[in-house]
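Hi,

Here is the structure I promised to pass on to you. Please open it alongside this email, and my notes on what turned up follow just below.

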Amino acid sequence: MSGTALVLGATGTTGSAVVDAFRRFPDLSVRTATRQPTPPTTHDHRRFDWADPATWRDALHGADRMYLVAPIGSAEPMAMVAPFLEQAAAAGVRRVVALSSSAVAFGDPGLGEVAAAVRETFAEWEVLRPSWFMQNFTGAHPVAESVRATGEFITATGAGRLAFIDGRDIGRVAAHVLAAPGAQCGEHLLTGPEALTYDEAAAIMAEVTGRTVRHRPVDPERFADFLVASGYDAEFAAVLAALDALVRDGAQAAVTDTVERLTGTPPRSFATYLRALPPA
Ligand SMILES: NC(=O)c1ccc[n+]([C@@H]2O[C@H](COP(=O)([O-])OP(=O)(O)OC[C@H]3O[C@@H](n4cnc5c(N)ncnc54)[C@H](OP(=O)(O)O)[C@@H]3O)[C@@H](O)[C@H]2O)c1
């Protein structure tokens, strides 16, 4: 198998994991694309900015497959994504693997519309629908920032369960389905190996790191206020608070075997993920 895989969002949680996972597929060339003009890796790199269509052509040139991370935090990504997908198909991209979310179905506003457009535009497509990322506890995310600052974080999930997933497991799945000889043309619900409440996740994190980590449940309105105070716009904060209410009501508690089925290796547990982090 040969070809060139364009990885958008290649410095992000999942994009960087896709790039890493392509080491298993050395016959494929990897091209990274972000707003940074300088390469984050030794791969071929192009500056790509959703907001600057003049950068799209160069990123797409010669690519036959693509990992798609839609514009982040945009309530209406289709304004940029629709013309980009048309340009990608015309440039010769045949297969697209799009990052969506376990909480988003085909046609839902935002990422659901992106998924539907990918399905309509490309003969070969996959939509990845991961659960919440383990990196939310450790990276650039309000939960992680709050834990680092105070040892405590809030959510509106109550005792609802989530099967948190390591972004690297999402990256492994994406690389496998981009490199596979044929496409499945399907959506893939990706989870970690166990569904945890935030109280349980906090207890695991406290045990592994030896630091104080506490979860404090609040109601969705209080949670939305907190997100706005953390810099989120009010509309997006309301969407995230509504997602927490879904979790609280048990809608996101499913555990799937998809990561192992598609890659041959089971997903990491939260404790394993935390133990593998470099010391703080
Ligand atoms: N966190 C969760 O629990 C969770 C769960 C399910 C789904 N999701 C979805 O996952 C997605 C985020 O993926 P991620 O965590 O892998 O991304 P991420 O870590 O937020 O990284 C974003 C990437 O996109 C690039 N980027 C940002 N703005 C850009 C622009 N204007 N043009 C081109 N590239 C740009 C960034 O690089 P530069 O800054 O260098 O451009 C970076 O490489 C969101 O759609 C979210 O809804 C998240």
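D64 and R65 form a salt bridge, with their closest N and O atoms 3.1 Å apart. Both D64 and R65 are buried. Please keep in mind throughout that this is a predicted model. In total, the structure holds 18 salt bridges.

Two more of these may be worth a look on your screen. R214 forms a salt bridge with E152, and here the closest N and O atoms are 3.9 Å apart. That pair links distant parts of the chain, since R214 sits in strand β9 (residues 214–217) and E152 in strand β7 (residues 152–155), 62 residues apart. E152 has a relative accessibility of 23%, so it counts as partly exposed. The other salt bridge joins the side chains of D257 and R261, at 3.3 Å from N to O. R261 counts as exposed because its relative accessibility is 53%, the cut-off for exposed being over 50%.

Now for the ligand. Which residues come nearest to the ligand? Of the 23 residues around it, they are T11, T13, T14, R35 and F133. By type, the shell divides into 10 nonpolar, 11 polar and two charged residues.

- T11: an N or O atom of its side chain is 2.6 Å from an oxygen atom of the ligand.
- R35: an N or O atom of its side chain is 2.7 Å from an oxygen atom of the ligand.
- G9: a backbone N or O atom lies 3.2 Å from an oxygen atom of the ligand.

Taken alone, the ligand exposes 940 Å², and the protein buries 76% of that.

Is V247 buried or exposed? With a relative accessible area of 0%, V247 is buried, as buried means under 20%. Leaving aside neighbours within four places in sequence, V247 is in contact with W132, T157, G160, R161, L162 and Q252. The C-alpha atoms of V247 and A103 are separated by 9.3 Å, while the two residues are 144 residues apart along the chain.

Best wishes

How values were computed. Residues numbered from 1 in each chain as written. Predicted model: local features only at pLDDT ≥ 70, side-chain atom pairs only at ≥ 80, totals over all residues. Heavy atoms only, no water. Salt bridge = Lys/Arg side-chain N within 4 Å of Asp/Glu carboxyl O. Buried < 20%, exposed > 50% of the residue type's maximum accessible area, 1.4 Å probe, protein only. Helix = DSSP H or I, 4+ residues; strand = E, 2+ residues; numbered from the N terminus. Near = heavy atom within 4 Å. Polar contact = N/O pair within 3.5 Å; in protein donor to acceptor, adjacent residues only side chain to side chain. Areas by Shrake-Rupley, 256 points an atom, 1.4 Å probe, with all protein chains shown as cover. Nonpolar A, V, L, I, M, F, W, Y, C, P; charged D, E, K, R; others polar. Contact = heavy atoms within 4.5 Å.
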